Amino acid sequence: MHTASPSFDPTVARGHILVIGNEKGGSGKTTTSMHLIVSLLRLGFKVGSMDIDARQRSLSRYIENRKSTMASENTTLPLPAHVVINRSPFLTTAEAEADERERFTRALARLLANCDFVVIDSPGSDTYLSRLAHSYADTVITPVNDSFVDLDVLASVDGISMQIVKPSIYSEMLWEQKMQRAKRDGGKIDWVVMRNRLSNLDARNKRQITKVIEDLTRRLGFRLAPGFSERVIFRELFLLGLTVLDVVETNKAGTLSMSHLAARQEVRDLLKSLQIPVIDARIAQVRVGAKGDVLTDPRIAPIAKPAAAETSANASVSAVASPSGETASTSDSSPPSTETASASGSIVAA
Ligand SMILES: Nc1ncnc2c1ncn2[C@@H]1O[C@H](COP(=O)(O)OP(=O)(O)OP(=O)(O)O)[C@@H](O)[C@H]1O
Ligand SMILES: [Mg+2]
């Protein structure tokens, strides 16, 4: 059992923590994380991001690619304050977990001190860091590929009767983290499952999956978000570090296609399904008097006018040095507010 680090004070008013999790690899966690990060930035929120999948570092590479595009295109794109939490080099489980907990909670506290939202991308496997992150979530979003093989991460389903046999290890893990969260600060974790890579093929299979997922919502206590369809646009922009929300600004994808518009609508529907009042209020606020689209049109997105006080969205965030000798780019003792905001941002290891 873990306890909160003294550096994390849950009683202080703070930003919202979104953890994107699913123990199955390749379900769309990083894609969803990046689209959420960019859409929240485009709504004018200060966003922190955390990569706790230090082995793959896909989210970090996505952000690095974004910075390369900024440099090569000589353009500015909204960036989150990003931190990578490395696995501990300690050999004993107790020491390694204590070390990871310490670095995670410190980095989280620093991001929360500066940001309205912190988006945490987790690995497609069961790790201590992933469990820990889930226990700090306000919202867990679980993208699930639209097949019975992938649904298995939520529960075992009898192939003949289509009845739910038992919850999966991931569902049980999340249940355990809900307990941890409640014990720590009395808070609740809202669990949202989104289907990913939806296709129009195999309508019968799709109907069966819909029915099983609906049964599971009651049994496991999650809400179902509309999800993303299978679209080239969701995967082709990784190397450029862009999302479907950036294509208008950079004009990378030429003119907007129907698929872009539909994908943008899917991202917007996901935001809405999170049922987070500040997001709904911000969308309503920035829409007033605007003719274009709030998520994609640089002329009306609030980030188009960078203000000194708002720069933490681009700021570097320091984190403590790990025993492996990895150090943050800024000293741990310097308060986050004094750290320099750079147009290119920085990725910091903890
Ligand atoms: N809606 C979608 N349409 C098309 N391709 C998608 C979609 N969602 C994800 N992909 C692609 O599927 C692959 C896996 O996605 P992603 O890396 O986001 O998954 P992940 O859950 O983060 O994987 P891992 O568990 O390995 O971290 C990537 O190639 C990504 O571009
Ligand atoms: Mg990933």
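Student: Which residues come nearest to ligand 1?
Tutor: This is a predicted model, where local features need pLDDT of at least 70, side-chain atom pairs count only at pLDDT 80 or more, and totals for chains, interfaces and linings use all residues. Residues are numbered from 1 along each chain as its sequence is written, and chains are lettered from A and ligands numbered from 1 in the order in which they are written. A residue is near a molecule if its C-beta atom, placed from the backbone, lies within 6 Å of it. Of the 20 residues around ligand 1, those that come nearest are Lys29, Thr30, Thr31, Gly124 and Arg235.

Student: Which element gives the most residues to that shell around ligand 1?
Tutor: Helices here are DSSP runs of H or I with at least four residues, numbered from the N terminus. The one that gives the most, with three residues, is H1.

Student: Is Asp215 buried, partly exposed or exposed?
Tutor: Asp215 sits in helix H7, residues 203-221. A residue is buried if 20 or more other C-beta atoms, placed from the backbone, lie within 10 Å of its own, exposed if 12 or fewer, and partly exposed in between. Because Asp215 has 15 C-beta neighbours inside 10 Å, it counts as partly exposed.

Note on methods
Helices (H or I, at least four residues) and strands (E, at least two) are DSSP runs, numbered from the N terminus.
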